[in-house]
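Subject: Structure handover

Hello,

Please look through it first and then read the notes under it.

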Amino acid sequence: MTELIPAPRAENFGSSRTFQSAVTGEFGPLQVDAHGATEFQASMATATLGAVVLSEVAAMPHRVLRTRGSIDAGDHDFYKVSLQVAGTGIVRQDGREALLTPGDLTVYDTTRPFELVYDEDFRVLVAMFPRPLLRVTADAMRHVTARRIAGREGAGALAAPFLAGLGRKALIGPGRVGPFLDDAVLDVLSACFTETLEEHRPSLETSRAASLLAQVQSCAEDHLSDSELGPAKLAEAQHISVRYLHKLFEAEGTTVNEWIRARRLERCRRDLADPQYRDWTISGIAARWGLANPSSFSRVFHEIYGLTPRQYRTTAQYRESKLSLGG
């Protein structure tokens with residue numbers, strides 16, 4: 001069987017049933033079909049980098065299904081990015097099929113059915129993270145799922161070795177810097193998916209429109225702490241009409257205010273996990289990023305991340321204390 005990279009937390013499985021139980025616990029309800037094999041070998045190692053979970057799986061041939069029934073049985077709203085390390089694999093979703101060879105990437109969405117097929121011993125590195133954290137909208141990502149992203153050209157040549165190197169380091173032990181690497185992962189993947197998107201669909205209107213949207217988003221990122229940041233201020237800063245600004249975001253399947261709110265929530269999440277802000281109140285952190293209503297902030301944060309801000313901070317502090325103690 002394909003050798004798994006050394007990782008202290010690697011777990012071995014001697015049957016497809018125990019393997020299915022493990023991957024379901026890690027990735028949400030899934031069905032594993034080992035093609036009737038009487039013996040089955042698989043290994044899995046996992047590391048947490050802030051909001052991103054990295055898992056490396058090595059296994060014998062099998063098929064994985066995420067059905068509509070599996071989706072209804074669990075609450076998993078994630079993207080999963082698969083980097084083929086050894087062997088080959090096939091990913092199917094949204095009417096598309098990606099054949100992956102070592103070094104190739106693809107992405108799939110856990111809110112819709114998908115199928116993974118491995119006809120030989122293989123090894124993959126999987127990065128899983130909540131969908132709202134990605135800077136590419138969900139509507140746009142529907143054009144990207146189950147497409148092969150070559151790891152030797154374009155943005156894939158940046159993303160594939162970055163993930164592979166991060167996996168080698170993190171699965172041995174992420175260290176204290178682990179919780180602060182998720183933004184880097186998400187930024188690299190966002191760039192990779194944006195390039196893939198532009199290869200497979202028409203641009204918003206022209207290349208100028210796409211460039212302008214990037215400028216607007218960059219300007220908004222720089223002024224998230226301004227509680228009055230909104231469409232009018234952004235349009236004025238870019239010397240365009242508010243109507244045209246809304247049109248740019250509508251083409252991406254979102255609104256100006258929704259995008260700003262998502263980015264503010266992500267900045268708050270990082271601060272809640274950062275020991276530097278341990279003495280800050282939760283409302284103070286929210287206000288720092290332009291979210292002045294504590295009750296509204298807590299409600300929306302829970303909707304996006306599945307935990308209240310206080311619960312998230314407590315969990316992050318617990319992880320930090322374990323790292324400090326070498327656990």
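This is a predicted model: local features need pLDDT of at least 70, side-chain atom pairs count only at pLDDT 80 or more; totals for chains, interfaces and linings use all residues.

The chain as a whole

The chain is 327 residues long, and 50% of them count as buried. Its secondary structure consists of twelve helices and eleven strands. Among contacts with a separation of 6 or more, 74% are between residues 24 or more positions apart. The accessible surface is about 15,200 Å². Carbon and sulfur atoms hold 50% of that surface.

Helices α4 and α5

Helix α4 covers residues 156-170 and helix α5 covers residues 182-200. Their axes lie 9 Å apart, and the packing angle is about 150°. Angles over 145 degrees count as roughly antiparallel, so α4 and α5 are roughly antiparallel to each other. The crossing of α4 past α5 is left-handed.

On the α4 side, the residues in contact are Gly156, Leu158, Ala159, Phe162, Leu163 and Leu166. They meet Ala184, Val185, Val188, Leu189, Cys192 and Glu195 of α5. Sorted by class, this contact between α4 and α5 has ten nonpolar residues, one polar and one charged.

Helices α7 and α8

The second pair is α7, residues 231-238, and α8, residues 242-250. Here the axes come within 9 Å and cross at roughly 100°. That angle makes α7 roughly perpendicular to α8, because 65 to 115 degrees is the range for that term.

From α7, Pro231, Ala232, Leu234 and Ala235 take part in the contact, and from α8, Val242, Leu245 and His246. By class, the contact of α7 with α8 has six nonpolar residues, one polar and no charged ones.

Two residues with positive phi

Ala146 is not a glycine, yet its phi is positive, at about 55°. Ala146 sits in the loop between α3 (138-141) and α4. Is Ala146 buried or exposed? Its relative accessibility is 2%, so Ala146 counts as buried, the cut-off being under 20%.

His239 is a residue other than glycine with a positive phi, in this case near 60°. The loop between α7 and α8 holds His239. At 73% relative accessibility, His239 counts as exposed, a term that applies over 50%.

Regards

Key: Residues are numbered from 1 along each chain as its sequence is written. Side-chain values use heavy atoms; hydrogens and water are left out. Helices (H or I, at least four residues) and strands (E, at least two) are DSSP runs, numbered from the N terminus. Buried means under 20% relative accessible area, exposed over 50%, partly exposed in between (1.4 Å probe, protein chains only). Contact means heavy atoms within 4.5 Å. Accessible areas come from the Shrake-Rupley method with a 1.4 Å probe; for residues, only the protein chains shown count as cover. Axes are lines fitted to C-alpha atoms, for helices over the stretch in contact, and angles run from 0 to 180 degrees between N-to-C directions. Angles under 35 degrees count as roughly parallel, over 145 as roughly antiparallel, 65 to 115 as roughly perpendicular and the rest as oblique. A crossing is left-handed if the near helix is turned anticlockwise from the far one by less than a right angle, and right-handed if clockwise. Ala, Val, Leu, Ile, Met, Phe, Trp, Tyr, Cys and Pro count as nonpolar, Asp, Glu, Lys and Arg as charged, and the others, Gly among them, as polar.
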